[in-house]
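Biologist: Could you take me through this model, starting with the ligand site? Please say what your terms mean as you go.

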Amino acid sequence: MINVTKTYLPDRKELGEYIDKIYNSGKITNNGEFVKLLEKKLEKYLGVKNIVLVSNGTLALQIAYKLLDLRNEVITTPFSFVATTSSLVWEGIKPVFCDIDKNTFCIDYRKIEEKITKNTTAIVPVHVFGNACEVEQIEKIANKYNLKVIYDAAHTFGINYKGKSILNYGDISTLSFHATKVFHTIEGGALIIKDDCICEKARRMINFGIMGPEKIDSLGINAKMNEFEAAMGLCIIDKVEQIEKKRKEAYYIYMSSFKENRNVILQQWNLECSKNYGYFPILLKDEKTLLNIKEQLEKNNIFPRRYFYPSLDTLEYIKSEYMEISNDISKRILCLPISSYISKKEVNKVVTIINGYK
Ligand SMILES: *Cc1c(COP(=O)(O)O)cnc(C)c1O
(Lines give C-alpha, C1' and ligand atoms only; values in the text may rest on other atoms or scores of the structure.)
Protein backbone atom coordinates (compact mmCIF):
# COMPACT_ATOMS: atom_id res chain seq x y z
CA MET A 1 0.00 0.00 0.00
CA ILE A 2 1.34 3.42 -0.96
CA ASN A 3 -0.22 6.21 1.09
CA VAL A 4 -0.20 9.95 0.50
CA THR A 5 2.24 10.13 3.39
CA LYS A 6 4.04 7.90 5.86
CA THR A 7 5.04 9.15 9.28
CA TYR A 8 8.79 9.18 9.91
CA LEU A 9 9.65 7.09 12.95
CA PRO A 10 13.10 7.54 14.49
CA ASP A 11 15.33 4.77 15.76
CA ARG A 12 13.58 3.07 18.67
CA LYS A 13 16.77 2.80 20.75
CA GLU A 14 17.45 6.51 20.41
CA LEU A 15 13.91 7.36 21.47
CA GLY A 16 14.32 4.83 24.30
CA GLU A 17 17.31 6.73 25.67
CA TYR A 18 15.21 9.87 25.94
CA ILE A 19 12.40 7.92 27.56
CA ASP A 20 14.81 6.45 30.11
CA LYS A 21 15.81 10.00 31.05
CA ILE A 22 12.17 11.01 31.40
CA TYR A 23 11.62 8.03 33.72
CA ASN A 24 14.67 8.92 35.77
CA SER A 25 13.65 12.54 36.23
CA GLY A 26 9.99 11.69 36.84
CA LYS A 27 9.04 14.90 35.06
CA ILE A 28 6.79 14.22 32.11
CA THR A 29 5.22 17.61 31.41
CA ASN A 30 4.96 21.29 32.50
CA ASN A 31 7.74 22.90 30.50
CA GLY A 32 10.27 20.15 31.14
CA GLU A 33 13.87 19.82 30.08
CA PHE A 34 13.15 18.34 26.64
CA VAL A 35 10.54 20.92 25.69
CA LYS A 36 13.01 23.69 26.55
CA LEU A 37 15.80 21.94 24.66
CA LEU A 38 13.63 21.40 21.59
CA GLU A 39 12.64 25.08 21.61
CA LYS A 40 16.31 26.08 21.58
CA LYS A 41 17.18 23.58 18.83
CA LEU A 42 14.26 24.67 16.67
CA GLU A 43 15.13 28.36 17.04
CA LYS A 44 18.62 27.55 15.82
CA TYR A 45 17.55 25.19 13.04
CA LEU A 46 14.84 27.49 11.69
CA GLY A 47 16.74 30.73 12.25
CA VAL A 48 14.03 32.44 14.31
CA LYS A 49 13.62 33.79 17.83
CA ASN A 50 10.67 33.43 20.18
CA ILE A 51 9.36 29.94 19.54
CA VAL A 52 6.65 28.70 21.90
CA LEU A 53 5.86 25.00 21.65
CA VAL A 54 2.26 23.88 22.05
CA SER A 55 0.21 20.71 21.87
CA ASN A 56 -0.95 21.09 18.26
CA GLY A 57 -1.07 23.44 15.29
CA THR A 58 -4.75 24.26 15.69
CA LEU A 59 -4.27 25.51 19.25
CA ALA A 60 -1.26 27.49 18.00
CA LEU A 61 -3.65 29.39 15.72
CA GLN A 62 -6.27 29.88 18.44
CA ILE A 63 -3.67 31.20 20.87
CA ALA A 64 -2.30 33.53 18.21
CA TYR A 65 -5.79 35.03 17.71
CA LYS A 66 -6.20 35.49 21.47
CA LEU A 67 -2.75 37.02 21.90
CA LEU A 68 -3.44 39.67 19.26
CA ASP A 69 -7.03 40.15 20.40
CA LEU A 70 -8.60 39.37 17.06
CA ARG A 71 -12.36 39.76 16.89
CA ASN A 72 -15.20 40.55 14.49
CA GLU A 73 -13.96 39.77 10.97
CA VAL A 74 -10.74 38.20 9.78
CA ILE A 75 -9.80 37.86 6.13
CA THR A 76 -8.54 34.38 5.28
CA THR A 77 -8.21 31.85 2.49
CA PRO A 78 -10.85 29.27 1.55
CA PHE A 79 -8.17 26.90 0.23
CA SER A 80 -6.55 25.25 3.26
CA PHE A 81 -6.93 22.50 5.80
CA VAL A 82 -10.16 23.03 7.73
CA ALA A 83 -8.32 24.10 10.91
CA THR A 84 -7.44 27.51 9.44
CA THR A 85 -11.14 28.39 9.33
CA SER A 86 -12.55 26.28 12.16
CA SER A 87 -10.09 27.82 14.63
CA LEU A 88 -11.47 31.28 13.79
CA VAL A 89 -15.08 30.18 14.17
CA TRP A 90 -14.19 28.40 17.44
CA GLU A 91 -12.86 31.72 18.78
CA GLY A 92 -16.04 33.54 17.79
CA ILE A 93 -14.42 35.30 14.85
CA LYS A 94 -16.09 35.55 11.45
CA PRO A 95 -13.91 34.28 8.59
CA VAL A 96 -14.28 36.48 5.52
CA PHE A 97 -12.87 34.64 2.55
CA CYS A 98 -10.67 36.16 -0.09
CA ASP A 99 -10.23 34.00 -3.18
CA ILE A 100 -6.90 32.43 -4.17
CA ASP A 101 -4.53 32.81 -7.06
CA LYS A 102 -5.17 29.99 -9.53
CA ASN A 103 -1.46 29.34 -10.10
CA THR A 104 0.10 29.62 -6.64
CA PHE A 105 -2.98 28.41 -4.66
CA CYS A 106 -2.24 31.09 -2.03
CA ILE A 107 -4.54 33.99 -1.12
CA ASP A 108 -4.78 36.53 -3.97
CA TYR A 109 -3.42 39.68 -2.33
CA ARG A 110 -4.97 41.83 -5.09
CA LYS A 111 -8.40 40.91 -3.75
CA ILE A 112 -7.74 41.51 -0.06
CA GLU A 113 -8.44 45.26 0.04
CA GLU A 114 -11.97 44.91 -1.30
CA LYS A 115 -12.79 42.56 1.61
CA ILE A 116 -11.71 44.99 4.32
CA THR A 117 -14.50 46.63 6.35
CA LYS A 118 -14.50 48.65 9.57
CA ASN A 119 -14.90 45.31 11.39
CA THR A 120 -11.76 43.70 9.96
CA THR A 121 -9.06 43.05 12.55
CA ALA A 122 -6.56 40.80 10.78
CA ILE A 123 -5.47 38.76 7.79
CA VAL A 124 -4.78 35.02 8.16
CA PRO A 125 -3.12 33.70 4.99
CA VAL A 126 -1.66 30.23 4.47
CA HIS A 127 1.63 29.37 2.73
CA VAL A 128 -0.11 26.61 0.80
CA PHE A 129 1.96 23.39 0.51
CA GLY A 130 4.92 25.47 1.71
CA ASN A 131 4.69 28.01 -1.12
CA ALA A 132 5.27 31.52 0.23
CA CYS A 133 2.44 34.04 -0.05
CA GLU A 134 3.22 37.51 -1.43
CA VAL A 135 4.40 38.52 2.03
CA GLU A 136 5.57 42.04 1.18
CA GLN A 137 2.29 42.95 -0.52
CA ILE A 138 0.30 41.55 2.39
CA GLU A 139 2.45 43.52 4.84
CA LYS A 140 1.78 46.71 2.91
CA ILE A 141 -1.98 46.21 3.04
CA ALA A 142 -1.85 45.32 6.75
CA ASN A 143 0.14 48.46 7.55
CA LYS A 144 -2.17 50.67 5.50
CA TYR A 145 -5.29 49.47 7.36
CA ASN A 146 -3.63 48.74 10.71
CA LEU A 147 -4.40 45.02 10.61
CA LYS A 148 -2.60 42.15 12.29
CA VAL A 149 -1.17 39.33 10.16
CA ILE A 150 -1.00 35.73 11.33
CA TYR A 151 0.43 33.20 8.91
CA ASP A 152 -0.80 29.65 9.14
CA ALA A 153 2.64 28.32 8.25
CA ALA A 154 1.82 24.68 9.05
CA HIS A 155 3.49 23.51 5.81
CA THR A 156 6.62 25.63 5.91
CA PHE A 157 8.99 23.81 8.24
CA GLY A 158 12.52 24.90 7.30
CA ILE A 159 11.41 27.03 4.35
CA ASN A 160 13.28 30.23 3.55
CA TYR A 161 12.12 33.30 1.68
CA LYS A 162 14.87 35.48 0.19
CA GLY A 163 17.37 33.39 2.14
CA LYS A 164 15.75 33.85 5.56
CA SER A 165 13.06 31.95 7.42
CA ILE A 166 9.57 32.60 6.07
CA LEU A 167 8.44 32.37 9.70
CA ASN A 168 9.78 35.86 10.34
CA TYR A 169 6.84 37.38 8.45
CA GLY A 170 3.63 38.46 10.10
CA ASP A 171 3.04 39.34 13.74
CA ILE A 172 2.86 35.62 14.42
CA SER A 173 3.44 32.50 12.31
CA THR A 174 2.22 29.10 13.43
CA LEU A 175 3.57 25.62 12.70
CA SER A 176 2.02 22.17 13.03
CA PHE A 177 4.11 19.21 14.13
CA HIS A 178 1.42 16.66 13.45
CA ALA A 179 2.60 13.16 12.48
CA THR A 180 1.80 13.86 8.80
CA LYS A 181 4.07 16.90 8.55
CA VAL A 182 7.72 17.04 7.39
CA PHE A 183 8.89 17.45 11.00
CA HIS A 184 6.68 16.08 13.75
CA THR A 185 6.35 15.53 17.49
CA ILE A 186 3.46 13.00 17.17
CA GLU A 187 1.05 15.86 17.91
CA GLY A 188 2.39 19.34 18.39
CA GLY A 189 2.79 22.82 17.08
CA ALA A 190 4.49 26.15 17.64
CA LEU A 191 4.05 29.88 17.56
CA ILE A 192 6.80 32.12 16.22
CA ILE A 193 6.19 35.55 17.69
CA LYS A 194 7.71 38.82 16.51
CA ASP A 195 7.21 40.84 19.71
CA ASP A 196 9.12 39.77 22.86
CA CYS A 197 6.40 40.91 25.29
CA ILE A 198 3.69 39.04 23.38
CA CYS A 199 5.96 35.98 23.46
CA GLU A 200 6.16 36.17 27.26
CA LYS A 201 2.39 36.54 27.39
CA ALA A 202 2.08 33.43 25.18
CA ARG A 203 4.20 31.39 27.61
CA ARG A 204 1.75 32.21 30.39
CA MET A 205 -1.33 31.82 28.20
CA ILE A 206 -0.52 28.22 27.28
CA ASN A 207 -0.26 27.38 31.00
CA PHE A 208 -3.59 28.73 32.32
CA GLY A 209 -2.24 32.29 32.67
CA ILE A 210 -0.24 31.19 35.70
CA MET A 211 2.49 33.64 36.77
CA GLY A 212 3.74 31.98 39.95
CA PRO A 213 2.63 29.41 42.52
CA GLU A 214 -0.10 31.68 43.86
CA LYS A 215 -0.50 34.21 41.08
CA ILE A 216 -2.76 34.00 38.07
CA ASP A 217 -1.93 36.81 35.73
CA SER A 218 -4.52 36.59 32.97
CA LEU A 219 -6.88 34.32 31.05
CA GLY A 220 -5.14 31.18 29.80
CA ILE A 221 -5.67 27.67 28.59
CA ASN A 222 -3.77 24.39 28.66
CA ALA A 223 -1.81 24.01 25.44
CA LYS A 224 1.46 22.56 26.71
CA MET A 225 3.59 20.09 24.80
CA ASN A 226 4.71 17.14 26.94
CA GLU A 227 8.14 15.56 27.37
CA PHE A 228 7.40 12.46 25.30
CA GLU A 229 6.36 14.59 22.35
CA ALA A 230 9.46 16.76 22.75
CA ALA A 231 11.63 13.61 22.89
CA MET A 232 10.18 12.48 19.57
CA GLY A 233 10.99 15.93 18.15
CA LEU A 234 14.57 15.79 19.48
CA CYS A 235 15.10 12.44 17.73
CA ILE A 236 13.77 13.80 14.45
CA ILE A 237 15.28 17.30 14.34
CA ASP A 238 18.73 15.90 13.52
CA LYS A 239 17.23 13.78 10.75
CA VAL A 240 15.31 16.50 8.92
CA GLU A 241 18.00 16.95 6.30
CA GLN A 242 17.97 13.22 5.57
CA ILE A 243 14.17 13.21 5.49
CA GLU A 244 14.07 16.10 3.04
CA LYS A 245 16.74 14.50 0.86
CA LYS A 246 14.60 11.38 0.46
CA ARG A 247 11.49 13.45 -0.23
CA LYS A 248 13.42 15.53 -2.75
CA GLU A 249 14.28 12.43 -4.79
CA ALA A 250 10.61 11.52 -5.11
CA TYR A 251 9.71 15.16 -5.78
CA TYR A 252 12.04 15.47 -8.76
CA ILE A 253 11.02 12.15 -10.28
CA TYR A 254 7.46 13.46 -10.28
CA MET A 255 8.56 16.85 -11.64
CA SER A 256 10.48 15.45 -14.57
CA SER A 257 7.92 12.72 -15.33
CA PHE A 258 5.03 15.14 -15.74
CA LYS A 259 6.89 17.59 -18.01
CA GLU A 260 5.36 16.13 -21.15
CA ASN A 261 1.97 15.32 -19.63
CA ARG A 262 -0.43 18.03 -20.73
CA ASN A 263 -3.16 16.74 -18.38
CA VAL A 264 -1.09 17.60 -15.33
CA ILE A 265 -0.59 21.17 -14.13
CA LEU A 266 1.88 21.90 -11.31
CA GLN A 267 1.77 24.56 -8.61
CA GLN A 268 3.58 27.76 -9.57
CA TRP A 269 6.28 28.19 -6.94
CA ASN A 270 7.34 31.56 -5.57
CA LEU A 271 10.87 32.03 -6.96
CA GLU A 272 12.15 33.57 -3.72
CA CYS A 273 10.99 30.56 -1.71
CA SER A 274 12.91 27.35 -0.93
CA LYS A 275 11.24 23.94 -0.67
CA ASN A 276 10.81 21.21 1.93
CA TYR A 277 9.15 18.70 -0.41
CA GLY A 278 6.22 18.23 1.94
CA TYR A 279 3.56 17.74 -0.72
CA PHE A 280 3.23 16.94 -4.38
CA PRO A 281 -0.06 18.40 -5.64
CA ILE A 282 -1.18 17.97 -9.24
CA LEU A 283 -4.00 19.91 -10.85
CA LEU A 284 -6.09 18.04 -13.43
CA LYS A 285 -8.33 19.38 -16.15
CA ASP A 286 -11.62 18.58 -14.40
CA GLU A 287 -13.11 16.69 -11.48
CA LYS A 288 -14.08 13.73 -13.62
CA THR A 289 -10.46 13.20 -14.68
CA LEU A 290 -9.42 13.48 -11.04
CA LEU A 291 -11.94 10.87 -9.90
CA ASN A 292 -10.94 8.49 -12.69
CA ILE A 293 -7.23 8.80 -11.96
CA LYS A 294 -7.85 8.45 -8.21
CA GLU A 295 -9.87 5.30 -8.81
CA GLN A 296 -7.15 3.78 -10.99
CA LEU A 297 -4.50 4.55 -8.39
CA GLU A 298 -6.64 3.07 -5.63
CA LYS A 299 -7.14 -0.12 -7.63
CA ASN A 300 -3.36 -0.40 -7.52
CA ASN A 301 -3.25 0.16 -3.76
CA ILE A 302 -2.07 3.75 -4.11
CA PHE A 303 -3.89 6.29 -1.96
CA PRO A 304 -3.50 9.95 -2.89
CA ARG A 305 -5.51 12.61 -1.01
CA ARG A 306 -7.75 15.43 -2.16
CA TYR A 307 -5.94 18.27 -0.38
CA PHE A 308 -7.81 20.56 -0.04
CA TYR A 309 -11.35 19.54 -0.66
CA PRO A 310 -13.95 20.91 -0.20
CA SER A 311 -13.28 24.62 -0.48
CA LEU A 312 -13.86 26.05 3.02
CA ASP A 313 -16.44 28.65 1.94
CA THR A 314 -18.85 25.74 1.39
CA LEU A 315 -18.64 24.40 4.98
CA GLU A 316 -22.06 23.83 6.58
CA TYR A 317 -21.33 26.13 9.52
CA ILE A 318 -20.12 29.03 7.40
CA LYS A 319 -22.03 31.79 5.64
CA SER A 320 -19.90 32.99 2.78
CA GLU A 321 -19.84 34.28 -0.73
CA TYR A 322 -18.96 31.50 -3.20
CA MET A 323 -15.25 31.47 -3.98
CA GLU A 324 -14.98 30.67 -7.69
CA ILE A 325 -11.29 29.91 -8.01
CA SER A 326 -10.89 28.06 -4.74
CA ASN A 327 -13.84 25.79 -5.58
CA ASP A 328 -12.51 25.18 -9.06
CA ILE A 329 -9.01 24.27 -7.79
CA SER A 330 -10.42 22.20 -4.90
CA LYS A 331 -12.31 19.97 -7.29
CA ARG A 332 -9.31 19.27 -9.52
CA ILE A 333 -6.38 18.93 -7.15
CA LEU A 334 -4.82 15.72 -5.91
CA CYS A 335 -1.80 15.27 -3.62
CA LEU A 336 0.37 12.35 -4.65
CA PRO A 337 2.22 10.05 -2.24
CA ILE A 338 5.47 11.52 -0.94
CA SER A 339 7.42 10.66 2.20
CA SER A 340 10.91 9.80 3.39
CA TYR A 341 10.10 6.10 2.94
CA ILE A 342 8.72 6.05 -0.61
CA SER A 343 10.99 4.23 -3.08
CA LYS A 344 11.83 5.27 -6.64
CA LYS A 345 10.01 2.18 -7.81
CA GLU A 346 6.87 3.24 -5.97
CA VAL A 347 7.03 6.78 -7.34
CA ASN A 348 7.47 5.39 -10.84
CA LYS A 349 4.44 3.17 -10.34
CA VAL A 350 2.33 6.24 -9.51
CA VAL A 351 3.77 8.09 -12.50
CA THR A 352 3.10 5.23 -14.92
CA ILE A 353 -0.57 5.11 -13.99
CA ILE A 354 -1.05 8.88 -14.27
CA ASN A 355 0.90 9.22 -17.51
CA GLY A 356 -0.91 6.20 -18.94
CA TYR A 357 -4.28 7.81 -18.36
CA LYS A 358 -5.98 8.83 -21.59
C1 LIG B 1 -1.97 20.38 9.75
C2 LIG B 1 -2.53 21.74 9.56
C3 LIG B 1 -3.11 22.47 10.63
C4 LIG B 1 -3.45 21.85 11.95
O5 LIG B 1 -2.43 21.36 12.66
P6 LIG B 1 -2.66 20.25 13.80
O7 LIG B 1 -1.31 20.15 14.41
O8 LIG B 1 -3.11 19.00 13.13
O9 LIG B 1 -3.69 20.79 14.74
C10 LIG B 1 -3.50 23.78 10.40
N11 LIG B 1 -3.36 24.34 9.19
C12 LIG B 1 -2.85 23.68 8.14
C13 LIG B 1 -2.72 24.39 6.84
C14 LIG B 1 -2.45 22.34 8.29
O15 LIG B 1 -1.99 21.67 7.22
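Modeller: By a polar contact I mean a pair of N or O atoms within 3.5 Å; within protein, one must be able to donate a hydrogen and the other to accept it, and residues adjacent in sequence count only if both atoms are side-chain atoms. This is a predicted model, where local features need pLDDT of at least 70 and side-chain atom pairs count only at pLDDT 80 or more, while totals for chains, interfaces and linings use all residues. Residues are numbered from 1 along each chain as its sequence is written, and side-chain values use heavy atoms, with hydrogens and water left out.

Biologist: Which polar side-chain atom lies 3.1 Å from an oxygen atom of the ligand?

Modeller: That atom belongs to K181, while a polar side-chain atom of H155 is 2.7 Å from a ligand oxygen, and a polar backbone atom of G57 is 2.8 Å from an oxygen of the ligand.

Biologist: How much of the ligand's accessible area does the protein cover?

Modeller: The protein covers 92% of the 390 Å² that the ligand has on its own, with accessible areas coming from the Shrake-Rupley method with a 1.4 Å probe; for residues, only the protein chains shown count as cover.

Biologist: Switching topic, how many helices and strands does the protein have?

Modeller: There are 11 helices and 16 strands, taken as DSSP runs (H or I, at least four residues, for helices; E, at least two, for strands) and numbered from the N terminus.

Biologist: And what box do the C-alpha atoms fill?

Modeller: Along the principal axes, the C-alpha atoms of the protein fill a box of roughly 70 × 55 × 40 Å.
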